[in-house]
Amino acid sequence: MNKQLIDSIMTHGRISNDLALLISEEADLINLMSSAKLLGVQGHGNQLTYSKKIFIPLTMLCRDVCHYCTFAKPPIKGERAFLTPEEVLSIAKSGELAGCKEALFTLGDKPELRYKVVRDELESMGYESTIDYLYAMAKLVLEKTSLLPHLNPGIMNYEQILKLRSVSVSQGIMLESISNKLNKKGEAHYGSPDKEPKLRLKTIEDAGIAKVPFTTGILIGIGESKLERVESLFALRDLNDKYGHIQEIIIQNFRAKPDTLMKNHPEPSLDELLWTISVARLIFGSSMNIQAPPNLSPDSIGPIINSGINDWGGISPVTPDYVNPEAPWPSIVDLTETCKENGRNLIERLSSYPEYALDAFQWHESHIAKIVTNAIDSSGLAREDAWSPGIQVDAPHLLSESKQHIPIILKNNKIDKLLKKTNAGSSLNEDEINDLFHSREEDFLKICNTADELRRQYNGDTVSYVVNRNINYTNVCYFKCKFCAFSKGKTSLNLRGPSYDLSEEEIQRRVVEAWDRGATEVCMQGGIHPDYTGDKYIEICKAVKNAVPEMHIHAFSALEITQGASTLGISIKDFLYQLADAGLSTLPGTAAEILDDEVRAILCPDKIYTQEWLDVHRSAHEIGLKTTATIMFGHIEKPISWARHLIHIKNLQSETNGFTEFVPLPFVHMEAPIYLNGRARKGPTFRESLLMHAISRIILSPEFTNIQGSWVKMGENGIKQLLLAGVNDLGGTLMNESITRAAGAEHGQEMAPDLMEKIITSSSRTPFQRTTLYNKSSSLQHEKSYDSNPLLPIV
């Protein structure tokens, strides 16, 4: 490949505009493809995406007469010009039943300007234009189904684009070509006024001004030159550089169709298609989504994958490709297998690409942004299943003993290299950890297997748990954490249950009852009550010790410690000394949420920030108090924030060795205010939850030897799979669980020791009833835990 082209790519990450002629003359296809593939993998890894769609041909009438098109047809006497609302909804619901997420509306361009029958039909239905009817039908589908409309109505002005924005997740129009010669007599676009390049570019620009995620691309082989293809791509790039709204570039190859004026026109060769895809990648760089329709080149899937694409576009399991009816969609199963053979994972996306879906409220109307946010995972891709933390839905079966026998290192890809690096004792940076969190398929299994090997190395086959009781002494709180459904303040009075503030006598009653039922620990936390001072926390500790001197007090988040010290006007460390003197034994790692201040500024803006949380735990470690560390994940953050969190925790543990365990806490969404407002995802996916535990084991080793799974969030089947992903501890039996239950969790308040041990032994592991500090529970408490009376009603 020409040295100037290589230098431009190396310097700018893409080909500069002044090299248009040079790239159009580049004939070295092998090196073009190699460079394009490298750029594509750099931007998108080994992922190839697609959208599962239903195709709704709202009308096949069009005022244009493109010489290659069989979609547009003239009116037929006695037949309607448009699909009826009932027909539209029937098609949409069939797609919904098949698992589609996109409703693609395709239609002819302004047929009312050519056909009186269209004008009459629109008037009879009460609409002035095809765009108005499209708006109504997209709104119908949006309101009556779970599908997200993508609209391709042709040339539009700014006002029309803005109107359709309120009923669609994305819109599109193919530029096709910037070449004006194609509109001349005898050429492909002659007699088609809407194929004027400047009009199409104006529509694309207006979409950028309106902030609409937009689909466009070029059609190759209809009479344009290679230079004109390149100039078309540069024109699109210039618009995207200005507005950032073009979410994909489609490279579509012309297919000659019978009964068209171009039925004998030669189709572009495979080499031409591969050349154009590669050039598109080199022009747009690594981040753009480059797409080629798989049904138009069914025998060339492998070469197309290796030419720089990262997306296949929409594929329908129900409706045909009405624009190319001679080209059936590939089976998703077959396409998945072909992608695997070429080292790629086929992954479903929404019609709003990940970079737009993750910034949904910037790019979509708020009511649509809420739907999008509800439908995506942390990568902005389509959620894989119906599972969410805390709900009674069977967890997907992603890990099993048989899958654990797959070799850890299968290939020499990026994930293998990162795992080899950690196995050699080297630490990963945040970008490398972020890469691990995006793993799927074989890479996902390799990460879980690596974590399981580390678990075996540090913990053997022992799985521990502690008999404890949660005591949340008040749910009154003046902080405004947007994820919390437990606390009661002015902004959350409508959520579950009344406000309360437990008496000292009730706290003591619960402590005694817990001890009599075999507990060795009480875990105590609450809201930040406006009337509480540091003295209140000291009094709570004394009350527990007066009731049961032997009870281990595991209590107070870093926020409570900070607030308590502040009310007394003393340092954090001095307050911790006073609490320890009153009986405090260890601190929980709650209030960490996500240790990334960019996220905290949105999620819990008035809460302590990252450094404050770390300083509280550092101070506790310095005076001899052990603590735990947690992460709450799966709400508004991205995996890069998970990486930053793990690095913060690892660094502090390297400094103090004061953490006893790391506890990933999947976000339970059902009653969380930020979810009810449509601003948060519905927790991590099950794959993400397994990855969090597995990657935590890998990244935090050897500093942390205990990784804990939460049964109250993951459920019984979920924790069984966690035991194959690096987890060696199942936390506490709890007896009472208020915080997760207030958020809507359905897995109960207590997991009795006999059930806990049944789950452990059914996973071919050895149960170990421990204390908070991972010593063996006393024989007396152990015996009592198996022969305990039912809990009395709480007061």
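Trainee: In what order do the strands of the six-strand open sheet lie, and is the pairing parallel or antiparallel?

Mentor: Start with the general idea: strands of a sheet pair through backbone hydrogen bonds, either parallel or antiparallel. Here the order is E11-E12-E13-E14-E15-E16, and the pairing is parallel. At the edges you find strand E11 (468-472) and strand E16 (659-666), each pairing on one side only. On average, neighbouring strands in this sheet are turned by 30° against each other, ignoring direction. Two ground rules go with that: strands (E, at least two residues) and helices (H or I, at least four) are DSSP runs numbered from the N terminus, and two strands pair if DSSP finds at least two bridges between them.

Trainee: What sort of model is this, and how are residues numbered?

Mentor: It's a predicted model, where local features need pLDDT of at least 70 and side-chain atom pairs count only at pLDDT 80 or more, while totals for chains, interfaces and linings use all residues. Residues are numbered from 1 along each chain as its sequence is written, and side-chain values use heavy atoms, leaving out hydrogens and water.

Trainee: How many bridges join E11 to E12, and what packs on the sheet?

Mentor: Five bridges join E11 to strand E12 (residues 521-525); one of the pairs is Asn468 with Glu521 in E12. Helix H24 (residues 610-622) packs on the sheet and touches strand E14 (584-587), strand E15 (626-633) and E16. Contact means heavy atoms within 4.5 Å. The direction of H24 makes about 160° with that of E15; axes are lines fitted to C-alpha atoms, for helices over the stretch in contact, and angles run from 0 to 180 degrees between N-to-C directions.

Trainee: Which residues touch the most other members of the largest nonpolar core?

Mentor: A nonpolar core is a set of buried Ala, Val, Leu, Ile, Met, Phe, Trp, Tyr and Cys residues joined through side-chain atoms within 4.5 Å. Buried means under 20% relative accessible area, exposed over 50%, and partly exposed in between (1.4 Å probe, protein chains only). The largest core has 113 residues, and Met524, Phe556 and Trp613 touch the most other members. Helix H27 (residues 686-700) gives the most to this core, with nine residues. Leaving aside neighbours within four places in sequence, the contacts of Trp613 include Leu595, Ile608, Ile649 and Phe659. A second, separate core of 91 residues includes Ile56, Leu134, Ile218 and Ala280.

Trainee: Is helix H6 mostly covered or mostly open?

Mentor: Mostly covered: 11 of the 15 residues of H6 are buried, among them Tyr133, Leu134 and Met137. Helix H6 (residues 130-144) reaches 21 Å from its first C-alpha to its last, close to the 21 Å expected (1.5 Å times one less than the number of residues).

Trainee: And how enclosed is strand E5?

Mentor: Seven of the seven residues of strand E5 (residues 214-220) are buried, so E5 is largely enclosed by the rest of the structure. Strand E4 (residues 170-172) pairs with E5 in the parallel sense over two bridges, one of the pairs being Gly172 with Thr215.
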